Amino acid sequence: MADKTELRKAARARREDLARAVPDFAARLATHANALAIAPGEVVGAYAALPHEADPHLLLKQLVSRGATLAFPRVHAKGQPLVFHHRKPGRELVRGAFGILEPAADWPVAHPGVLLVPLLAFDGAGHRLGYGGGFYDRTIEMLRSSSETRVIGVAYAGQEVEAVPHEPHDIAVDAVLTEDGLRGFRVSSR
């Protein structure tokens, strides 16, 4: 099996091709909002997509219209979990240390019950290939230490691979939402 560095390089190239091949991805993804079964008032940890990333912005609009509350991640420090913050009305996300759009530090801290996570690749067991910083693995571990947080990868269907190499600290997702729908991998105790 190829190492993660090689897989990340190939997965980035594949994702870039998929972004061009599925230009209506965001609209197709949004049609599956009901499949997530988000309760009104539930806090959903979201993300602002990078170029070529599976873009959830129209899905997020659908979730908000159904009563969900959104929170966005901020890199607090290298080697630490992400900190999620409720969006402040009238304020925009700002570029953080890694060039990613994130909330300002003074926005209210949030504790998501559902976490939407970007990825480079996923396999049929729910293992995800992330970007290598471990931010989401640490965040999921922290969130699940105090509550049962549902973790849903957001991806192009074509990002599925035969197998993602994983180590004990790598946390599988409960499901992946693609333009083709929601696919669950394990039973959550939620």
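**Exercise 1. Arg28 and Asp24**

Find the contact that joins the side chains of Arg28 and Asp24, and state how exposed each residue is.

Solution. Step 1: the two side chains meet in a salt bridge, 4.0 Å from N to O. A salt bridge here is a side-chain nitrogen of Lys or Arg within 4 Å of a carboxyl oxygen of Asp or Glu. The model is predicted: local features need pLDDT of at least 70, side-chain atom pairs count only at pLDDT 80 or more, and totals for chains, interfaces and linings use all residues. Residues are numbered from 1 along each chain as its sequence is written, and side-chain values use heavy atoms, leaving out hydrogens and water.

Step 1: Arg28 is partly exposed at 30% relative accessibility. Asp24 is partly exposed at 39%. The classes are buried (under 20% relative accessible area), exposed (over 50%) and partly exposed (in between), with a 1.4 Å probe and protein chains only.

**Exercise 2. Further salt bridges**

State how many salt bridges the whole structure holds, then describe some of them.

Solution. Step 1: a search of the whole structure gives 10 salt bridges.

Step 1: take Arg87 and Glu92. Their side chains meet at 3.4 Å, N to O. Arg87 is partly exposed at 37%, while Glu92 is exposed at 59%.

Step 2: take Glu160 and Arg183. Their closest N and O atoms lie 2.7 Å apart. This pair links distant parts of the chain, 23 residues apart. Glu160 sits in the loop between strands E9 (150-154) and E10 (175-178), and Arg183 sits in strand E11 (181-184). Helices (H or I, at least four residues) and strands (E, at least two) are DSSP runs, numbered from the N terminus. Glu160 is partly exposed at 34%, and Arg183 is partly exposed at 34%.

Step 3: look for a network. Salt bridges link Lys4, Glu167 and Asp170.
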